[in-house]
Amino acid sequence: MANKYTEDDLREELKTKEYEYGFYTDIESDTFPIGLNENIVRAISKKKDEPQWMTDWRLEAFRAWKEMLEPEWANVQYEKPDFQAIAYYSAPTSVDPNKTLDDVDPDLLAMYKKLGISVDEQKKMNNIAMDIVVDSVSVATTFKKTLGEKGIIFMSISEAIKEHPELVKKYLGTIVPQKDNFYAALNSAVFSDGSFCYIPKGVRCPMELSTYFRINQAGTGQFERTLVIADEGSYVSYLEGCTAPSRDENQLHAAVVELIALDDAEIKYSTVQNWYPGNTEGVGGVYNFVTKRGLCEKNAKISWTQVETGSAITWKYPSCILKGDNSVGEFYSIAVTNNYQQADTGTKMIHLGKNTKSTIISKGISAGKSQNSYRGLVQISSRADNARNFSQCDSLLMGNDCGAHTFPYIEVKNKSAQIEHEATTSKIGEDQIFYCNQRGIDTEKAIALIVNGFSKEVLNKLPMEFAVEARKLLEISLEGSVG
Amino acid sequence: MLKINDLHASVEGKAILRGINFEVNPGEVHAIMGPNGSGKSTLASVIAGKEEYEVVKGEILLEGEDIEELAAEERAHKGVFLSFQYPVEIPGVSVTNFIKTAINETRKAKGLNDMPAKEMLKLIREKSELLEIDRKFLSRSLNEGFSGGEKKRNEIFQMAMLEPKLAILDETDSGLDIDALRIVANGVNKLKSKDNAVIVITHYQRLLDYIVPDFVHVLYNGRIVKSGTKELAHELEEKGYDWIKEEVNA
């Protein structure tokens with residue numbers, strides 16, 4: 001058996017394959033002492049030079065949070081984080097408020113390069129305007145000028161609080177209120193940065209807007225806040241990517257994203273989430289507890305697309321409130337879990353308006369000893385005449401030690417509603433692998449091919465550049481997982 | 001091309017092949033016939049390198065090289081092709097995407113770059129015409145919802161694209177109506193050359209009217225019990241397999 005490369009060899013080799021983005025960049029940073037109290041909340045607000053109304057808003061959230069309990073209904077098991085052992089603010093010290101790209105710390109730029117997102121290249125090649133949030137602070141926003149000519153505002157939320165307080169005040173917390181849930185309340189109290197985007201009436205944003213998040217410092221949490229407002233008749237496609245270094249302790253990420261699509265507007269929001277998933281023994285990894293929700297006014301459309309491959313624990317339900325008549329909500333998701341990862345993810349489609357339509361396509365891929373759950377709510381209110389929903393939940397299992405679960409909730413209060421739900425569970429078979437092998441395709445490539453085929457309907461919804469990255473991520477996340 | 005010496009193979013400890021000997025030279029067509037359970041499909045799988053089958057004894061030589069230790073994909077890279085009796089479905093992967101991947105993986109194994117898109121398209125057009133395959137068919141998910149005839153035609157299409165040295169057709173005629181059978185057989189005949197060889201595994205003589213074999217072997221109880229020319233196939237068609245069984249058991 002000299003040169004026979006078996007699956008055992010493959011698995012052995014992959015055990016030593018490290019999380020590709022697991023580097024740590026040594027940048028000087030300004031980190032608050034650990035722990036959380038009103039003084040820390042005030043200090044964050046002060047550090048960011050925020051107006052009094054913002055400080056008060058944070059404190060209100062903090063007081064609510066203190067009274068709240070962590071949700072326990074999700075199908076995930078983990079040791080709860082000690083919220084007093086986390087530093088709630090960490091900023092690279094070399095950020096200058098009047099920064100231009102040329103002023104960005106060379107180490108930071110080198111880090112972006114490692115991430116494959118050199119700012120310069122991004123500017124020139126990709127036609128993507130980008131905001132990069134490292135730990136807690138937004139570092140570089142490119143393309144500001146080009147967008148400015150169209151009246152599009154794309155900046156860090158900290159800047160927006162200062163420069164466009166009327167917009168922030170009007171919309172912040174209207175979709176995800178401060179007290180919405182435990183993690184949303186925590187985020188509202190301590191959010192350190194994030195992105196803000198406003199598309200004026202009738203404007204079609206000429207490029208993909210993109211934010212890249214990265215947790216760098218040890219023992220810090222990341223709490224970014226994103227607010228996207230598409231004014232009447234406007235269109236925007238927004239991308240979000242995430243990575244974190246490999247660390248033995250669990251890091252907390254609790255973000256809030258609010259989308260507002262006014263009459264006839266459309267927002268497409270795509271996420272590729274690749275936070276550190278922990279090692280093969282289940283040590284370390286990011287706790288990803290995220291609240292994402294969008295509101296559709298009349299004839300508006302919100303489309304969530306997510307590729308979730310990272311994080312030790314994922315708790316995330318990007319949702320649509322279909323308030324306006326004829327509004328449309330879509331949710332396209334691929335969630336991959338391997339080793340000891342656990343994901344409980346899905347969506348909520350709340351139909352309030354007449355003739356509202358929603359589509360849910362969820363693809364769960366489980367490997368190793370992981371658990372992957374889809375949890376979704378389709379709610380049709382009594383006023384929502386002729387509402388329609390189509391849901392499809394497919395699970396693909398690899399090996400015998402993983403789990404796939406589906407928890408669909410359907411609440412209908414209007415007789416004219418049409419709801420369809422389809423679900424399948426399948427397993428990658430030895431026969432499929434042998435068939436591919438016989439055509440000259442090795443096992444690793446065969447799995448990638450089969451998984452890509454399984455996920456195709458969702459991958460097709462991603463913007464081009466992201467789809468390529470997502471495909472690569474799927475391959476990396478699942479290498480060596482068939483036995 | 002292919003030389004099999006005293007091949008014994010078993011699956012889950014059960015002996016299925018019990019000493020197979022035969023040789024296939026370039027340019028030849030061999031038919032392997034035999035009753036159900038005689039080991040025909042096992043022989044095909046063992047040559048192709050399916051892992052569940054354990055070779056207990058003997059050797060399989062491809063152009064003089066023992067391929068027993070090679071993985072299935074390495075054998076494929078060396079020019080072994082198996083047309084499956086029951087081709088599997090791969091949802092979401094189009095016929096085109098699949099064959100493109102197969103060709104480029106084979107090229108990669110030989111140290112070549114990916115085939116340029118233009119060349120690939122030309123090849124696909126050429127071969128799909130040869131097998132009277134509709135263009136729309138090429139964008140469908142591999143074998144998903146295919147009729148029996150479409151599945152087999154797709155197998156031969158892949159064979160045409162990959163241009164193997166040794167093609168093994170496992171029960172390619174099963175599930176085919178007479179028109180599909182003719183198209184598939186014509187395809188195989190057009191792909192035949194003095195440099196490649198074909199092994200046709202079949203139950204019935206029917207396919208051999210179209211793909212005419214140089215040699216016919218009868219497999220029974222894991223052994224080749226009789227070999228002959230195409231007349232042997234006719235004889236089997238007329239008389240069935242019982243006389244062979246009697247001869248062996250006598």
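Glu28(B) is partly exposed, because 18 other C-beta atoms lie within 10 Å and a residue needs 20 or more to count as buried. The model in which this residue sits is a predicted one. Glu28(B) belongs to the loop that runs between strand 2 (14–24) and strand 3 (29–33) of chain B. Leaving out residues up to four places away in sequence, Glu28(B) touches Ala197(B), Asp214(B) and Phe215(B).

The largest nonpolar core has 181 residues, and Ile168(B) is listed with Ala230(A), Leu259(A), Ala261(A) and Ile267(A) as having the most contacts inside it. Helix 11 of chain A gives the most to this core, with 8 residues. Apart from its neighbours within four places in sequence, Ile168(B) is in contact with Ala44(B), Ile47(B), Ala48(B), Phe81(B), Leu82(B), Ser83(B), Ile199(B) and Ile201(B).

Now consider chain B as a whole. It has 8 helices and 12 strands. Its C-alpha atoms fill a box of roughly 60 × 40 × 35 Å along the principal axes. A compact globule of 250 residues would have a radius of gyration near 18 Å, and chain B agrees with this because its own value is 18 Å. Of the 250 residues in chain B, 42% are buried. If contacts between residues at least 6 apart in sequence are taken, 72% of them in chain B join residues at least 24 apart.

Two helices of chain B show how such elements can lie against each other. Two packed helices are described by the angle between their axes and the distance between the axes. For helix 5 (residues 148–162) and helix 6 (residues 178–191) of chain B, the axes come within 10 Å and cross at roughly 10°. Angles under 35 degrees count as roughly parallel, so helix 5 and helix 6 of chain B are roughly parallel to each other. On the helix 5 side, the contact is made by Gly149(B), Lys152(B), Arg153(B), Ile156(B), Met159(B) and Ala160(B). Helix 6 contributes Ala180(B), Ile183(B), Val184(B), Gly187(B), Val188(B) and Leu191(B). By class, the residues of this contact are 8 nonpolar, 2 polar and 2 charged.

The two chains also meet. In this contact, 21 residues of chain A touch 22 residues of chain B. On the chain A side, the elements that give two or more residues are helix 10 (430–438) and helix 11 (443–459). That side of chain A has 9 nonpolar, 6 polar and 6 charged residues.

Finally, there are two residues with a backbone angle to note. Most residues other than glycine have a negative phi. Asn299(A) has a positive phi, near 55°, and is not a glycine. Asn299(A) lies in the loop between strand 13 (285–296) and strand 14 (301–308) of chain A, and it counts as buried because it has 20 C-beta neighbours inside 10 Å. Glu63(B), also not a glycine, has a positive phi of about 45°. Glu63(B) is in the loop between strand 4 (53–62) and strand 5 (65–66) of chain B. With 13 other C-beta atoms within 10 Å, Glu63(B) is partly exposed.

Conventions. Residues are numbered from 1 along each chain as its sequence is written. Chains are lettered from A and ligands numbered from 1 in the order in which they are written. This is a predicted model: local features need pLDDT of at least 70, side-chain atom pairs count only at pLDDT 80 or more; totals for chains, interfaces and linings use all residues. Helices (H or I, at least four residues) and strands (E, at least two) are DSSP runs, numbered from the N terminus. The radius of gyration is taken over C-alpha atoms; the globule rule is 2.2 Å times the number of residues to the power 0.38. A residue is buried if 20 or more other C-beta atoms lie within 10 Å of its own, exposed if 12 or fewer, and partly exposed in between; C-beta atoms are placed from the backbone. Two residues are in contact if their C-beta atoms, placed from the backbone, lie within 7 Å. Ala, Val, Leu, Ile, Met, Phe, Trp, Tyr, Cys and Pro count as nonpolar, Asp, Glu, Lys and Arg as charged, and the others, Gly among them, as polar. Axes are lines fitted to C-alpha atoms, for helices over the stretch in contact, and angles run from 0 to 180 degrees between N-to-C directions. Angles under 35 degrees count as roughly parallel, over 145 as roughly antiparallel, 65 to 115 as roughly perpendicular and the rest as oblique. A nonpolar core is a set of buried Ala, Val, Leu, Ile, Met, Phe, Trp, Tyr and Cys residues joined through C-beta atoms within 7 Å.
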